[in-house]
Amino acid sequence: MTKTTAGTSATTTEPRIALLGLGAMGTAFARAWLAAGYPLTVWNRTPSRAEPLAAEGAEVAATAAEAAASARLVVTCLLDDASVGEALEGADLSGKDLVDVTTGTPAQARARAEWARERGARFLSGGIMAIPPMVGVPEAGGYVFYSGPAGVFEEHRAALEVPVGARHAGEDAGLASLQDVALLSAMNGMFAGVAHAFALVRHEDVSLREFAVLLSDWLASMAHAGVPAMAGHLESGDYTEGVVSNLAMQVEGNATLLRTAEEQGVSTELLTPYTDLMARRLADGHREEDGTGVIDLLAVPRR
């Protein structure tokens, strides 16, 4: 197969990829594949977004169905799950491998896998753990969770690893989305704490840039020690093993956190949901645990 880019031609043996969706992330993926020598067909609802990629060697399809017809591997990177169904309505997916890296829920991924199967396609769901500037930069550490048939993942692994790293999360199509959302939820909670910390010090005689270094180092060290310990407690069922600062001590310390916020004129609304849960767990008689038991208040174990 001959690929022409910017007036030159070169022979490539890489399989063609069809990419639907050219937002910031889709465009970044497209450029990574083109740079690696993959023939690429692209489609976007707003055609003008495809023009720069056409200049870089991509073929532009007039419709999503036309793009899907051009390649066995069809990748969707669209606004939401509904957009995937709308874009591929009427497309012939028989014999295709559909890889959907559109952000969605686990239930949506499982339903989309069944939707693809009914149309004769194999399906992988993806959860992107990266931002566009990380794409094509291996040292940035970005990756995508993929879930669905392991054989399909391995068949396309080389192509999927070009933009960012690729990790198979399991056969269940919903697992990529689940882990994606779980990590993003933890990130949101972390940044809630960061926002509160900066609110406390921003009007004092404190260098915010220097404080930022202290804050990031502190969070990294606490996560390094605390996250594996919490996982161990959940697996063993013993929330008291190896506890250094028990729940009783932590709840007592929380009173100081809340009082300091009041003194600084800072709202406690980012803290109180968590501190209230800790107080509830303590009131239930779990003073020698660490904070792991809060998880039991959030999610009832499945039977």
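Student: What is the relative accessible area of Met 187, and how should I read that number?

Tutor: A residue is called buried under 20% relative accessible area, exposed over 50% and partly exposed in between, judged with a 1.4 Å probe and with protein chains only. Met 187 has a relative accessible area of 35%, so this residue is partly exposed, and its place is in helix 7, where helices (H or I, at least four residues) and strands (E, at least two) are DSSP runs numbered from the N terminus. Keep in mind that this is a predicted model, in which local features need pLDDT of at least 70 and side-chain atom pairs count only at pLDDT 80 or more, while totals for chains, interfaces and linings use all residues. Residues are numbered from 1 along each chain as its sequence is written, and side-chain values use heavy atoms, with hydrogens and water left out.

Student: Which residues make the nonpolar surface patch of about 340 Å²?

Tutor: A nonpolar patch joins side chains of Val, Leu, Ile, Met, Phe, Trp or Tyr within 5 Å, from residues with over 30% relative accessible area and no salt bridge, and accessible areas come from the Shrake-Rupley method with a 1.4 Å probe. Here Met 187 makes the patch together with Leu 184, Met 190 and Phe 191.

Student: How many salt bridges does the count come to?

Tutor: A salt bridge is a side-chain nitrogen of Lys or Arg within 4 Å of a carboxyl oxygen of Asp or Glu, and by this rule the count comes to 15. One of them joins the side chains of Arg 110 and Asp 172 at 2.9 Å, N to O. Because Arg 110 lies in helix 5 and Asp 172 in the loop between strand 10 and helix 7, the pair ties together parts that are 62 residues apart in sequence. Arg 110 is partly exposed at 38%, and Asp 172 is partly exposed at 31%.

Student: Where do Glu 155 and Arg 122 lie?

Tutor: Their side chains meet in a salt bridge of 2.9 Å, N to O, and since Glu 155 lies in helix 6 and Arg 122 in strand 8, the bridge ties together parts 33 residues apart in sequence. Glu 155 is partly exposed at 40%, as is Arg 122 at 33%.

Student: Is Arg 281 buried or exposed?

Tutor: With a relative accessible area of 9%, Arg 281 is buried, whereas Asp 296 is partly exposed at 29%. Their side chains form a salt bridge of 3.8 Å, N to O, which links Arg 281 in helix 10 with Asp 296 in helix 11, 15 residues apart.

Technical notes. Patches are made of residues with over 30% relative accessible area and no salt bridge: like charges are joined within 9 Å, nonpolar side chains (Val, Leu, Ile, Met, Phe, Trp, Tyr) within 5 Å.
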